[in-house]
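Please keep the structure open beside them as you read.

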Amino acid sequence: MENDLLRAGCPTWWGGGTLRTLSSQSNFGQGPNPSYDLNPNPGRNPQKGLMASMASRFYDVEQFREWIFRFWSWNLYRKNKVFSYTLKHYGPNTAAAHFVLTQGGAVRFQEQEWLFPQDKNQFLGNSHHFQKLPLEEVDASGCLINYYGLENLVFLPSLRSLKLCGCPYVDDWCLSRLHSLGGSLQELSLAGCPKVTERGLACLHHLWNLRRLDISNLPAVSEKGLTRILVEEMLPDCEVVGADYADGLVPLSEDERGVEEKAAAAVPGAPRGQRTLWNREAPSGMLPRRPFPCLPHPGLIDTPEIRKLEPRGEVIYSSAHTWWKTGLGWEPQAGRGLCSPFPLDKGEDEWIDYLPSPWEGGGELGAQNLKR
Amino acid sequence: MLRLTLQLRLSRGLLSRGLRTRSRGPFDDKDGKWAEFKKKLQVVWPGGSWEPFSNTSHLPPEHADVVIVGGGVIGWSVAYWLKRLEARKNAIRVLVVERDPTYSKASTVLSIGGIRQQFSIPQSVQLSLFSVEFLRNINEYLAVPDEPPLDIQFCPSGYLMLASEGNASEMECNVKMQRQTGAKVCLLSPEQLKNKFPWINTEDVVLASYGLENEGWFDPWCLLQGLRRKALSMGVYHSYGEVTELVSSVRPMVTSRGEQVNIKRIYEVHVKMNNSLEYQPVECAIVVNAAGAWSGQLAELAGIGIGPPGTLQGTRLPVEPRKRYVYVWHCPQGPGLEAPLIIDISGVYFRREGLGGYYLGGCSPMEEDEPKTQDLEVDHDFFQKKIWPHLTHRVPAFNSLKVRSAWAGYYDFNTFDQNGVVGPHPLVSNMYFATGFSGHGLQHAPGVGRAVAEILLNGEFSTIDLNVFSFNRFYQEEKVFEDYII
């Protein structure tokens with residue numbers, strides 16, 4: 001790393017009148033003897049001069065980019081340090097709560113109310129009160145937690161619910177660390193984590209107490225429907241939500257489907273594999289392209305506030321689409337800083353084109369949902 | 001010369017010619033050499049066909065500081081770490097020589113890509129832990145500007161090793177050592193094993209050790225290409241050719257006990273181009289032997305092992321190629337997503353491959369059944385006779401399976417104690433070894449690369465002390481035996 005600092009090169013004035021930078025070691029845009037070119041481009045238009053000067057400083061710009069990348073990486077590690085002082089003096093629960101609140105998540109101690117980042121100072125003031133209480137629920141959605149930051153969370157003895165929705169740095173390595181929560185964790189949500197793949201989901205079998213697993217909208221999982229089936233087999237007591245069985249399957253055309261059904265009917269008692277279920281249930285050819293086939297409440301992050309609201313509808317399977325709809329009211333003040341992009345009386349079909357993407361940050365509405 | 005011929009001519013002119021044929025004087029071309037010379041001159045003359053300055057861009061450079069023989073994952077790892085740890089930029093010129101650009105027989109690309117910390121030697125565990133840390137942050141170590149990030153597709157499913165009566169106590173000691181070194185491994189009793197993985201038959205299993213974190217399998221080709229790309233971007237030279245000769249100078253020296261030894265120093269490496277007789281002598285300061293299964297042959301080129309047996313001169317590098325088979329089969333009712341890489345008591349191992357009910361596995365044969373190594377043909381009978389019975393015994397679901405494909409690869413097998421050789425040779429002062437890992441070179445590659453770079457640049461190991469794997473143990477007959485070789 002020190003090499004790079006030296007490599008950056010301070011401007012040297014020994015060679016002559018002009019400012020020599022790294023890229024002057026190449027003859028790009030300059031004559032064969034740059035030290036003798038007192039003013040290589042006199043009278044140039046200043047705007048053009050900027051582009052030309054940037055172009056002639058190619059290696060400097062690249063070095064600058066590398067510095068920015070390195071700073072960003074260092075900053076990420078700084079945010080994910082282990083809170084060892086708090087750990088030593090106040091125990092793992094308080095340390096974990098402090099960490100999550102600093103990152104911008106929310107925590108809930110046993111029999112207490114949810115603590116949000118704005119309550120962090122109050123929490124720190126009352127830490128002796130919280131010290132003996134076990135931490136039960138952690139909602140770290142959208143936080144910049146990575147493998148090293150999870151060190152603060154994985155040793156919690158009685159964590160019941162962990163939400164890692166939309167965490168951009170949670171990947172398979174992080175999931176492999178969750179095995180130590182196997183004794184207590186009952187609910188895990190990985191919705192919208194862009195780096196989680198089916199290989200990481202394979203190591204969730206250590207969580208034998210898990211009752212609810214949310215794997216909706218994982219773009220890196222290649223075969224979502226098949227993965228859901230395999231995960232359900234792996235965790236028989238757990239309710240897996242999020243992925244549709246039909247995901248990743250190419251719909252057959254009319255005559256191909258006819259051939260399939262004939263072949264299936266010809267063999268009596270042959271097991272109708274789960275993979276061909278959808279053939280019989282989707283009556284029309286192509287399933288509609290939905291930006292979020294899996295999210296139960298598009299644009300809305302599932303928080304305990306939302307779940308406390310009474311569901312006013314039921315899950316509807318329409319024959320034309322497999323479409324989830326729950327009738328939760330769109331109270332604007334519910335949850336943390338939520339605002340619903342959808343007016344209450346929009347029909348089902350009109351939602352298809354209107355859904356912004358909270359996970360990809362499209363539109364301010366999505367960004368609002370993610371920002372803390 | 002001219003004066004002599006003039007004198008001769010004059011003297012001869014006074015005597016009679018005799019019956020000789022007419023001579024042309026000093027340019028008497030009796031043996032045809034003058035005619036040859038004239039022909040050569042015509043070629044050299046401008047307009048002729050000789051080009052004095054030919055294109056040598058396909059040849060390696062004439063001088064290099066470190067020549068790494070072998071372009072597998074170990075060779076490129078050493079190159080990367082040398083560039084990473086050098087004192088200033090472009091301080092050392094590193095050349096990596098690889099014989100086969102298609103990597104058709106290289107152990108790296110034919111391996112199943114597993115990484116584990118369950119070894120019986122602490123240094124091996126440390127190497128694995130270092131490598132896992134490297135793989136976890138691979139995009140920070142090996143990022144090249146404007147190139148896409150690497151995806152090694154690591155599957156953190158862990159390794160499960162089963163032990164019978166005989167090795168249970170050993171396994172317990174080893175697991176204790178592994179945990180002390182930092183590996184996250186736990187011991188399971190047969191009941192716990194049955195609870196966790198109901199599809200296993202725990203009939204003669206007394207103990208099992210299961211890796212909870214940092215163990216699994218990944219894509220070795222991706223790691224190789226990542227190391228290669230980053231090393232090339234840092235200025236490592238590479239050449240596709242074969243090392244045919246190692247020219248060394250010998251210096252006789254006397255030990256403290258008064259014995260005479262010859263210390264050799266390799267000063268030139270002859271790199272012969274593929275499909276050609278052309279070779280380039282590369283002048284070098286250090287040669288690193290990372291040639292994998294063929295390291296023994298390279299060591300012989302340097303003169304290692306040529307001498308009376310039992311002496312240091314006569315101790316050869318005991319690394320030779322051994323062929324191992326890997327079979328891919330399909331079993332729809334087989335173990336599910338949670339299946340780790342299972343290593344049975346009999347030595348048979350298998351792991352899940354993908355999501356479609358495919359598995360791959362194999363077994364190391366007994367000494368007496370070692371297959372011939374001249375090609376990489378697969379023996380399917382080996383699966384039928386030696387692997388399938390054990391598979392069926394351990395996982396009854398494998399009773400009905402169908403083998404879809406198979407391949408074979410070489411282990412760079414250390415016949416002495418099945419562990420790697422890292423470090424310099426005592427007599428050939430500038431040859432360093434990084435070979436002989438007998439099937440677990442890939443998982444140690446980042447750590448070994450760093451260790452060799454440290455010992456080259458600093459003279460000692462700073463991160464992980466690999467003196468236990470030095471060449472001297474072959475002469476001193478101290479076996480550093482690895483229990484868990486699969």
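**Notes on charges and rings**

1. Helices (H or I, at least four residues) and strands (E, at least two) are DSSP runs, numbered from the N terminus. B:Asp146 is exposed at 58% relative accessibility, while A:Arg65 is partly exposed at 44%. Here buried means under 20% relative accessible area, exposed over 50%, and partly exposed in between (1.4 Å probe, protein chains only).

2. Before you go on, please note that this is a predicted model, in which local features need pLDDT of at least 70 and side-chain atom pairs count only at pLDDT 80 or more, whereas totals for chains, interfaces and linings use all residues. Residues are numbered from 1 along each chain as its sequence is written, chains are lettered from A and ligands numbered from 1 in the order in which they are written, and side-chain values use heavy atoms, leaving out hydrogens and water.

3. Over all chains, the structure holds 25 salt bridges. Another of them links A:Glu232 with A:Arg228, whose closest N and O atoms are 3.0 Å apart. Both residues belong to helix H10 (residues 224-234) of chain A, four residues apart, about one turn of the helix. A:Glu232 is partly exposed at 23%, and A:Arg228 is buried at 13%.

4. In chain B, have a look at B:Arg324 and B:Glu370, which meet in a salt bridge of 3.0 Å, N to O. B:Arg324 lies in strand S11 (residues 319-330) and B:Glu370 in the loop between strand S14 (358-363) and helix H11 (380-394), so the pair ties together parts 46 residues apart in sequence. Both residues are buried. They belong to a salt-bridge network that also includes B:Glu320, B:Arg322 and B:Glu367.

5. Now to the rings: there are 35 aromatic pairs over all chains, counted when rings of Phe, Tyr and Trp (its six-membered ring) have centres within 6.5 Å; planes under 30 degrees apart are stacked, over 60 edge-to-face and the rest tilted. A:Phe123 and A:Phe130 are tilted because their planes stand at 50°, with centres 5.3 Å apart. A:Phe123 is buried at 0%, and A:Phe130 is buried at 6%.

Notes. Salt bridge = Lys/Arg side-chain N within 4 Å of Asp/Glu carboxyl O.
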